[in-house]
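Hi there,

Here is the structure I said I would pass on. Have a look at it first, and then read on for what turned up.

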Amino acid sequence: MIDWNENYELKIEKVDKQHKYLIQLLNEFKEVFETVSDKNVIETLFLNLINYCNYHFENEEMVMQECNYPDFDKHRTEHDIFFNNLERAKLEYLNGNDSALSYLIEYIEIWIIDHIIMEDKKYIPELAGKF
Ligand SMILES: [Fe+2]
């Protein structure tokens with residue numbers, strides 16, 4: 001469970017809102033994964049999380065391109081690697097490997113916070129006011 005705190009804020013309202021919602025979806029998914037055994041419910045929440053990640057990343061990347069953000073390629077590569085790992089775990093889970101997601105939850109928690117603090121914060125000077 002991740003508790004939102006001000007260290008995660010970029011002070012870009014739209015981005016902070018999306019990051020908060022992403023963490024909310026992750027917390028919900030984690031809770032359901034740990035307490036509910038219905039695979040359909042777990043799958044639905046996991047797909048919600050993946051879809052919202054995709055939406056949020058596309059949104060960031062679009063603004064980066066519009067602003068000619070110098071670190072765009074590196075940033076997009078980080079998104080792509082993360083997203084591919086989620087997709088791969090989804091396929092493993094759908095193919096019957098139940099542990100594929102439990103391993104993944106910790107990775108997602110660490111990655112999201114690390115990414116917001118280390119990578120997203122770098123674009124504040126160029127992208128603030130552009131969303
Ligand atoms: Fe990002």
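Predicted model: local features only at pLDDT ≥ 70, side-chain atom pairs only at ≥ 80, totals over all residues.

Because N68 has 8 other C-beta atoms within 10 Å, it is exposed. N68 sits in the loop between α2 (39–66) and α3 (72–94), and its phi is positive, about 50°, although N68 is not a glycine. For context, most residues other than glycine have a negative phi.

K11 is another residue to look at. The phi of K11 is near 60°, again a positive value in a residue other than glycine. K11 belongs to the segment before α1, and it counts as exposed because it has 10 C-beta neighbours inside 10 Å.

Now to the helix packing. Two packed helices are described by the angle between their axes and the distance between the axes. Helix α1 (residues 13–35) packs with helix α4 (residues 99–119) at an angle of about 160°, and their axes are 11 Å apart. That angle makes α1 roughly antiparallel to α4, and the crossing of the two is left-handed. On the α1 side, H19, L22, I23, L26, K30 and F33 make the contact, while α4 brings L101, I105, I108, E109, I112 and I116. Sorted by class, the contact of α1 with α4 has nine nonpolar residues, one polar residue and two charged residues.

Which residues form the largest nonpolar core? There are 11 of them: L22, I23, L26, F29, F46, L49, C53, A89, L101, L104 and I108. The elements giving two or more residues to this core are α1, α2 and α4. Of these, α1 supplies the largest share, with four residues.

Finally, a few words on E126, which lies in helix α5 (residues 124–127). E126 has 16 C-beta neighbours inside 10 Å and so counts as partly exposed. Leaving aside residues up to four places away in sequence, E126 touches C67 and Y69. As for H115, which is 11 residues from E126 along the chain, the C-alpha atoms of the two are separated by 17 Å.

Enjoy exploring it, and do write back with any questions.

Best wishes

Methods
Residues numbered from 1 in each chain as written. Axes fitted to C-alpha atoms, helices over the stretch in contact; angles between N-to-C directions. Parallel < 35°, antiparallel > 145°, perpendicular 65-115°, else oblique. Left-handed = near helix turned anticlockwise from the far one by under 90°. Contact = placed C-beta atoms within 7 Å. Nonpolar A, V, L, I, M, F, W, Y, C, P; charged D, E, K, R; others polar. Buried ≥ 20, exposed ≤ 12 C-beta atoms within 10 Å, placed from the backbone. Core = buried A, V, L, I, M, F, W, Y, C linked by C-beta atoms within 7 Å.
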